[in-house]
Structures are given as C-alpha cells and as structure tokens.
Amino acid sequence: MRVGVHINRFGHPGGAPALGAELAAAGQAAEAAGLSWISVMDHYFQMEFNGGAEAPMLEAYTTLGFLAGQTSTVRLGALVTGVTYRHPGLLAKIATTLDVLSGGRAVLGLGAAWYEREHHGLGVPYPPLAERFERLEETLRICLRMWDPFDDGPFEGRHYRLAETLCVPPPVSSPRPEIMVGGGGERKTLRLVAQYADACNLIPSSPQELRHKLEVLRGHCDSVGRDYDGIRKTFVYTGEAATGENLDALLRDLEGYAGLGVDTVILAPRVGEPAGWIDRFASRAVRRLAELD
C-alpha cells in the first residue's frame, strides 16, 4: 500500500509570507520520505470543519504548479475539483499545463461539487445536484476529447458546447493524464468511475464500507464492460492517528484495508506545517505501510 499526503490547511504560524517556503519544504520532504502523491483541496473557501471560510485557502492549481517546480517524482492533483469551478475546456487546458510542466505527473481529480457557501460567496453558479452530475459527465467526456490526438472537433452537449477541442501542447503523460473521480455515491458517482475514470477516491468510515463501495463499483464495471482491476483504488484516511502522529494506531486502523486492492492511502493531517509532519511521521508510515497488501 503506497502513501500519499493531502495538504488541507494553510494556517502557518508565520502567515501568508511563510506559505511558499513551507510548501516547498513539504514537497521536498514528501519525496525524501518516498510518498507517491501530494494533493490539495480545490475550494475557494476553507472547509467549515477545518477552520471555516475565514481560514486561509490557496487556489488549487496555482499551488500544484508551485509544487511541481519543487518536486520531481510525486504525482500531483486536486482532491477533487468540483465540476462547477471551471469551464471544462479551460480545466482540461489547466490540467494539461500541469502535466507538461511536471513531466507527466498530473492527475485530474473531478467531483460533482457540494460547498454551496463558496459558490454564493464568489458569485459562481451552483446548479441543482442532478444538473451538477450531468455537467460532471459532460466534463469527463470533454476532457477525454481534449486529450484525444485524433479528434479536435466540436463537442455538443446539453450544458457545454465547444467549437473546437484543441489542446496544444498535448499532455506528456501516456496516453494522457489519469482521471480520478472522487466520491462514493453508488448510483451516479461510481457509475461514472466505471465508465470514464482511471482511478477512484473514496472516504470510507471503515474497511467494511470500503469493501461495499468497491463491490458496487465492480457491479458498475460489469454493466459497462469495464475491467475493474484496471481502475486504481485510493482512499482518504480520516482517523485521528495521522494528525496525532500515532503510528501504531494508524497501522492498526489500516490493517483492515489490506487485501481490498487499495493502491494508495492518502493521509490528511489537519496541520498548518506539513513539512515537519512528513519528516516526523509520514516517512515512518511509508516504510511500514509498504508491507500491507
């Protein structure tokens, strides 16, 4: 089981002037520790459970671009981008730019969006849930079209219309950047994973819940003729052992996930100084979790 880190707080004691150096140090510490993944949240406002909208929040893709310049091996992505945040053609271009400049390390994480306050706060339209899922499916189709080297023609959907799906330069990932769909909705989200995505990201409360979600995903794969084993499975660990830096407790919690086919567990400590946490704790977790299958 590989290990990633989800940087989700930017409340450094030194304030905004200290964030650049802290993130650079976090990226370098992640690679030294053998982490395989760094992600950030894609939100305009900080989460309510993480300090609220008045707490610091950086724009995701600018941050990922900065991290790309500080690293050379870890994969980089947003966990995850709400479909309402950027026009699909622009989003594909942004993800492509990250992929090109990082040497093929970009992952495009997508979801249906849910944080209503930030939409209203910055004047971004927030359609009903059913429409957001329709837009998510069209966005997945548009990104795949943008990355198709043999088809740059128009796209006509219910919500989006593109006269040209040009993307130059193309991604350097082969055959294209990985698409990760985040969320555990059994009727729509996991169907979209089976139909369009290369990876899924789940936030289970227990190994039993994760097992169930993966069984649902397998069923959708069977329905659409998709190879279930070809989808990379990742999940976010939400227990307190990571933030509390209790390695024994973390290992006990994660033992139950062994054997479920998980590729990567993503640790999400709620700390404003992630570089030190990676040095102290994540580096030890990488070595121990590599033994879990």
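Thr71 sits in the loop between α2 (60-70) and β3 (75-78); helices (H or I, at least four residues) and strands (E, at least two) are DSSP runs, numbered from the N terminus. The model is predicted, so local features need pLDDT of at least 70 and side-chain atom pairs count only at pLDDT 80 or more, while totals for chains, interfaces and linings use all residues. Residues are numbered from 1 along each chain as its sequence is written, and side-chain values use heavy atoms, with hydrogens and water left out.

**Thr71**

- Thr71 counts as buried because its relative accessibility is 9%; buried means under 20% relative accessible area, exposed over 50%, and partly exposed in between (1.4 Å probe, protein chains only).
- The Thr71 side chain makes a polar contact with the side chain of Arg105 at 2.9 Å. A polar contact is a pair of N or O atoms within 3.5 Å; within protein, one must be able to donate a hydrogen and the other to accept it, and residues adjacent in sequence count only if both atoms are side-chain atoms.
- The side chain of Thr71 also reaches the backbone oxygen of Leu67, at 2.7 Å.
- Not counting residues up to four places away in sequence, Thr71 touches Gly27, Glu31, Leu76 and Arg105, where contact means heavy atoms within 4.5 Å.

**The whole chain**

- The protein chain has ten helices and eleven strands.
- Along the principal axes, the C-alpha atoms fill a box of roughly 50 × 45 × 35 Å.
- Of the 293 residues in the protein chain, 57% are buried.
- Among contacts with a separation of 6 or more, 73% are between residues 24 or more positions apart.

- Helix α6 (residues 189-196) is largely enclosed by the rest of the structure, because six of its eight residues are buried.
- The buried residues of α6 are Thr189, Leu190, Leu192, Val193, Ala194 and Tyr196.
- These buried residues pack against α5 (129-146), β8 (178-182), β9 (199-202) and α7 (207-224).
- Asp198 is in the loop between α6 and β9.
- The side chain of Asp198 makes a polar contact with the side chain of Arg176 at 2.7 Å, and a polar atom of the Asp198 side chain lies 2.8 Å from the backbone nitrogen of Ile179.
- Leaving aside neighbours within four places in sequence, the contacts of Asp198 include Pro177, Arg226 and Arg232.

- Most residues other than glycine have a negative phi, and most peptide bonds are trans.
- A cis peptide bond joins Leu79 and Val80, with omega about -20°; Val80 lies in the loop between β3 and β4 (81-82).
- Another cis peptide bond joins Val168 and Pro169, with omega about 0°; Pro169 is in the loop between β7 (161-162) and β8.
- Ala113 has a positive phi, near 75°, and is placed in the loop between β5 (106-111) and α4 (116-122). Ala113 counts as buried at 10% relative accessibility.
- Glu245 has a positive phi, near 55°, and lies in the loop between α8 (240-243) and α9 (247-255). Glu245 counts as partly exposed at 26% relative accessibility.
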